[in-house]
Amino acid sequence: MRFKRSVSIGLAVAGASALGIATSTPAWADSRSINFEAPTYHTGSIDGQDGWGGQDGPGNTQGPINPLIDQAVVMNSGAPASFGQQSWRISNFYTSGSFGDMPFSPNLVNEAGEKHAFNSFAGVQYSGGVRQNHFDMRLSFTSADPTGLESDSYVSMSPDRGDGARMSYIRLEDHPAGLSVFFDDYQDHAPFGAYGTPITAANGCNVAQGDDFYEYQVASGLARDKAHTVRLSIDFLDGPRNDVVKVYVDGDLVHTGTTWEDYYRWCPESNQGVVLGDPNREQSRTVDQVLFRVGGGQGTTHPQNLGKGFLIDNLSYASSQVERECDNHHGDGDADVDNGSGQHGHAKFHKDGCTSQGDDNAQFDDDQGTHHFQSTSVESADFTTTASGGNMLTMSGFGLDNGNQVGFTMVAVDNGALLPATYSLVLTDGYTFAGTVVSGLLSVA
Ligand SMILES: [Ca+2]
Ligand SMILES: [Ca+2]
Ligand SMILES: [Ca+2]
Ligand SMILES: [Ca+2]
């Protein structure tokens with residue numbers, strides 16, 4: 001898998017508060033900690049050491065790192081004390097538009113990602129184990145040439161499954177005024193992409209709507225001769241537009257954004273040139289390692305940085321399963337609903353928590369017999385409280401309306417004993433129903 005990256009620069013507005021979600025402290029299910037010290041690591045190219053190499057291949061094979069890339073485990077001299085005897089140095093002496101021959105860190109046993117995220121492509125599995133919903137990576141960095149004048153020195157790093165399908169992105173830059181850190185995510189702006197048809201899906205990858213990669217400078221002016229840390233804490237939530245990435249620099253939360261999930265879900269470039277709105281072929285990706293990359297040109301684009309660049313150390317990353325507060329909520333419905341102007345229907349649904357469950361269900365039949373809707377998968381669910389104190393469940397996903405594949409959004413509000421419950425269903429084929437419960441059960445708690 002190869003793809004180009006287009007980044008819109010300069011929209012340094014966080015605006016991600018709607019993505020906030022309560023998480024408890026995760027218990028690490030699987031982790032790697034790498035300090036590049038002997039005897040595990042020896043000086044010289046990191047290729048082939050301790051599971052480092054190029055992209056994953058069939059049957060646990062691994063390609064080589066391009067030998068032209070200027071990287072090596074080095075003996076430290078004058079590095080921050082926390083970097084120990086040895087660190088890993090990488091520079092952008094040589095850059096390339098490629099992915100597969102860039103340095104990939106060792107694989108975790110257990111991948112992280114959404115329930116439906118893809119961990120393979122064209123018959124090659126890039127990650128596996130027991131899928132987790134959280135990924136955390138952190139590393140320390142400093143300039144490898146703090147007393148010299150920098151000259152356009154940079155390197156990027158991304159959680160990845162092993163083929164360049166990056167799910168997030170950090171870039172370090174070295175400037176005379178200090179080190180800078182950048183973060184990029186992909187954002188689908190309204191109207192949003194939805195499964196159903198190529199047309200509904202195209203709303204997730206429309207530059208005219210602002211759907212694009214966005215870049216944020218999250219730190220600058222960091223001392224070039226000191227150790228700094230950058231950390232990404234990623235919650236993968238099932239369904240579109242809801243993954244949460246927290247970016248920390250030197251321990252401080254400096255930005256909250258999202259992953260690249262909707263780039264993989266909605267953009268033709270990441271789906272063999274065509275998006276059908278088909279949930280079976282268009283989904284997010286998993287991660288189980290870290291890709292370090294020196295892009296931005298082809299060849300020896302920065303000869304002045306040979307043997308310089310950045311020192312990387314104390315790299316650690318982990319996948320884990322985080323229990324979410326949302327998992328305590330439930331919604332159930334089996335009720336007759338009336339839209340107030342003569343139309344009736346029967347609604348059924350069941351949802352436990354916010355992550356996908358085997359018994360998720362949304363179903364609707366209108367009394368006119370013109371529509372029978374049955375969900376096939378629930379992609380996201382959210383439990384909130386209305387202004388008047390009702391408990392609201394919003395479910396979306398895909399299903400069949402009279403046998404035709406559609407996307408759906410269902411909203412059910414339990415208003416307690418004094419007010420009738422309300423129900424609405426919107427399908428991507430244009431069908432909508434909204435009404436109140438006249439008999440039966442509708443419960444959201
Ligand atoms: Ca070290
Ligand atoms: Ca992998
Ligand atoms: Ca959009
Ligand atoms: Ca998601």
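These are my notebook entries on a predicted model of one chain.

**Ground rules.** I number residues from 1 along each chain as its sequence is written, and chains are lettered from A and ligands numbered from 1 in the order in which they are written. For this predicted model, local features need pLDDT of at least 70 and side-chain atom pairs count only at pLDDT 80 or more, while totals for chains, interfaces and linings use all residues.

**Confidence.** I looked up pLDDT, the predictor's confidence in each residue, from 0 to 100. The chain averages 92, and 93% of the residues score at least 70. Over residues 1–27 the pLDDT stays under 50. For that stretch the model has 45 contacts beyond four places in sequence; a contact is two residues whose C-beta atoms, placed from the backbone, lie within 7 Å.

**Domains.** The bounds I used come from an automatic or database domain assignment. That assignment gives domain 1 (7–321) and domain 2 (326–444). I noted 38 Å between the C-alpha centres of domain 1 and domain 2. Eleven residues from domain 1 and eleven residues from domain 2 take part in the contact. On the side of domain 1 that touches domain 2, I found four nonpolar, five polar and two charged residues. Here Ala, Val, Leu, Ile, Met, Phe, Trp, Tyr, Cys and Pro count as nonpolar, Asp, Glu, Lys and Arg as charged, and the others, Gly among them, as polar.

**The barrel.** Strands are DSSP runs (E, at least two residues), numbered from the N terminus, and two strands pair if DSSP finds at least two bridges between them. I followed eight strands that close into a barrel, in the order β17-β18-β19-β20-β21-β22-β23-β24, with antiparallel pairing. From one strand to the next the twist averages 30 degrees; axes are lines fitted to C-alpha atoms, and angles run from 0 to 180 degrees between N-to-C directions. Strand β23 (residues 422–427) runs antiparallel to β24 (residues 432–444), joined by five bridges. Val426 has Thr432 of β24 as its bridge partner.

**Strand β8.** I asked how many residues of β8 (residues 153–160) are buried. Eight of the eight are buried, so the strand is largely enclosed by the rest of the structure. Buried means 20 or more other C-beta atoms within 10 Å of a residue's own, exposed means 12 or fewer, and partly exposed lies in between, with C-beta atoms placed from the backbone. Ser153, Val155, Met157 and Pro159 point one way, and Tyr154, Ser156, Ser158 and Asp160 the other. Five bridges join β8 to β9 (residues 170–175), antiparallel, and Tyr154 has Glu173 as its partner there. Five bridges also join β8 to β15 (residues 289–293), again antiparallel, where Ser156 stands opposite Arg293.

**Ser140.** I located Ser140 in strand β7 (residues 134–143). Ser140 is buried, with 21 other C-beta atoms within 10 Å. Beyond four places in sequence, its contacts include Ser82, Phe83, His228 and Asp313. Ser87 is 53 residues away along the chain from Ser140, and their C-alpha atoms are separated by 10.0 Å.

**Strand β13.** In β13 (residues 244–249) I saw side chains alternate. Six bridges pair β13 with β12 (residues 228–235) in the antiparallel sense, and Val230 stands opposite Val249. β13 and β14 form a hairpin with two residues between them, and Asp250 in the turn has a positive phi of about 50 degrees.

Terms used: Helix = DSSP H or I, 4+ residues; strand = E, 2+ residues; numbered from the N terminus.
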